[in-house]
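Hi there,

Here is the structure I promised to pass on. Have a look, and then read on for what turned up in it.

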Amino acid sequence: MQGDLRFSWMWLVLGWVFVIAAIALNLMPLQTISMPSWNDKFEHTLGYLLLTFWFCGIYQRNRYWLIASWMLGMGVLVEVLQGMMHLGRQADIYDVYADIVGISGALLLALTPLGRWPYWVEKLLSKVNG
């Protein structure tokens with residue numbers, strides 16, 4: 001993790017909470033979820049973009065390939081599990097393609113100054129707290 005983040009443990013814990021929530025939402029039977037439904041591929045792209053960008057912000061650049069690999073593995077695993085559930089969910093290879101688009105977009109964003117977002121948040125919080 002980035003050694004100069006003050007709250008690196010908090011960023012990591014929140015990231016894993018988001019991962020668990022994403023997996024849970026993707027594996028819940030469709031009947032139990034009452035959320036506005038956007039285009040499924042857009043949801044996958046946005047979700048994996050945000051998750052990947054989150055972890056890229058708290059880890060060093062030499063770990064981006066590992067983050068991308070884990071995110072892709074998560075996407076494939078979710079699709080496999082959805083295909084095995086038979087509870088209104090189905091596996092879709094195009095969802096994995098959408099995940100790859102989101103992961104790729106996050107990696108590109110993380111290579112820009114935006115990739116230092118946790119530093120900006122911590123700096124802003126330290127100013128607010130005096």
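Which backbone oxygen does the side chain of Arg 89 reach at 2.8 Å? That oxygen belongs to Met 28, and the Arg 89 side chain also reaches the backbone oxygen of Leu 25, at 2.6 Å.

Before the rest, some ground rules: this is a predicted model, where local features need pLDDT of at least 70 and side-chain atom pairs count only at pLDDT 80 or more, while totals for chains, interfaces and linings use all residues. Residues are numbered from 1 along each chain as its sequence is written, and side-chain values use heavy atoms, with hydrogens and water left out.

Arg 89 sits in the loop between H3 and helix H4 (93-110); helices are DSSP runs of H or I, at least four residues, numbered from the N terminus. Arg 89 is buried (under 20% relative accessible area, 1.4 Å probe, protein chains only). Arg 89 has no salt bridge (a side-chain nitrogen of Lys or Arg within 4 Å of a carboxyl oxygen of Asp or Glu), and the nearest side chain of opposite charge, Asp 40, is 6.1 Å away.

Pro 29 lies in the loop between H1 and helix H2 (40-58). The C-alpha atoms of Pro 29 and Cys 56 are separated by 30 Å, with the two residues 27 apart along the chain.

Enjoy exploring!

Best wishes

Notes: Helix = DSSP H or I, 4+ residues; strand = E, 2+ residues; numbered from the N terminus. Buried < 20%, exposed > 50% of the residue type's maximum accessible area, 1.4 Å probe, protein only. Lys, Arg positive; Asp, Glu negative; His and termini not counted. Polar contact = N/O pair within 3.5 Å; in protein donor to acceptor, adjacent residues only side chain to side chain.
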